[in-house]
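Please have your viewer ready and read along.

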Amino acid sequence: MGMSMDDFCRCTPSEFAQVWSAWNGMEQLRERGAWERMRMECIASLQPYSRKTLRPADVMPLPWDVDKEDEKRNEDEELTREELLSRMEEVKKRYGLR
C-alpha cells in the first residue's frame, strides 16, 4: 500500500480502513484497465476474420459487463405494483414461505 511503518502504527482502525479502501479501488481500476486493453487487442485481431462487427462483450465477457447489463435492464424496466406483488409471491413460493 506504500505506507511507512510509522504511518501504519499511527492509524486508527477506521483510518486504515479508508486508506485500504482507496488503495484497493486503485488496484482494481488498474487491473480492469489491463483486462480492457487485452480485450481490445483480441477484437483487433479477430475483427478481420468476422463477418459481423464484434463487441467487446462478445469476444471476452468480463464480470463488470454483467453489472452494466443488469443496470441497463433495471433502467429500461418499470414494473407496475401488480407485477411487483406477483414477483414477490413467486419468490415466497420458491422458498417455501407461503
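Helices (H or I, at least four residues) and strands (E, at least two) are DSSP runs, numbered from the N terminus. In these terms, the protein chain reads α-α-α-α-α along its sequence, which comes to 5 helices and 0 strands.

This is a predicted model, in which local features need pLDDT of at least 70 and side-chain atom pairs count only at pLDDT 80 or more, while totals for chains, interfaces and linings use all residues. Residues are numbered from 1 along each chain as its sequence is written, and side-chain values use heavy atoms, with hydrogens and water left out.

Next comes the surface. The protein chain has 98 residues, of which 7% are buried (under 20% relative accessible area; exposed is over 50%, partly exposed in between, with a 1.4 Å probe and protein chains only). Its accessible surface is about 8,700 Å², and carbon and sulfur atoms hold 55% of that (Shrake-Rupley method, 1.4 Å probe; for residues, only the protein chains shown count as cover).

As for contacts (heavy atoms within 4.5 Å), take those between residues at least 6 apart in sequence: 23% of them join residues at least 24 apart.

Which cysteine sulfur is closest to that of cysteine 9? It belongs to cysteine 11, and at 9.1 Å it is too far for a bond. A disulfide is a pair of cysteine sulfur atoms within 2.5 Å, and the whole structure has 0 disulfides.

| Residue | Relative accessible area | Class |
|---|---|---|
| Cysteine 9 | 56% | exposed |
| Cysteine 11 | 22% | partly exposed |
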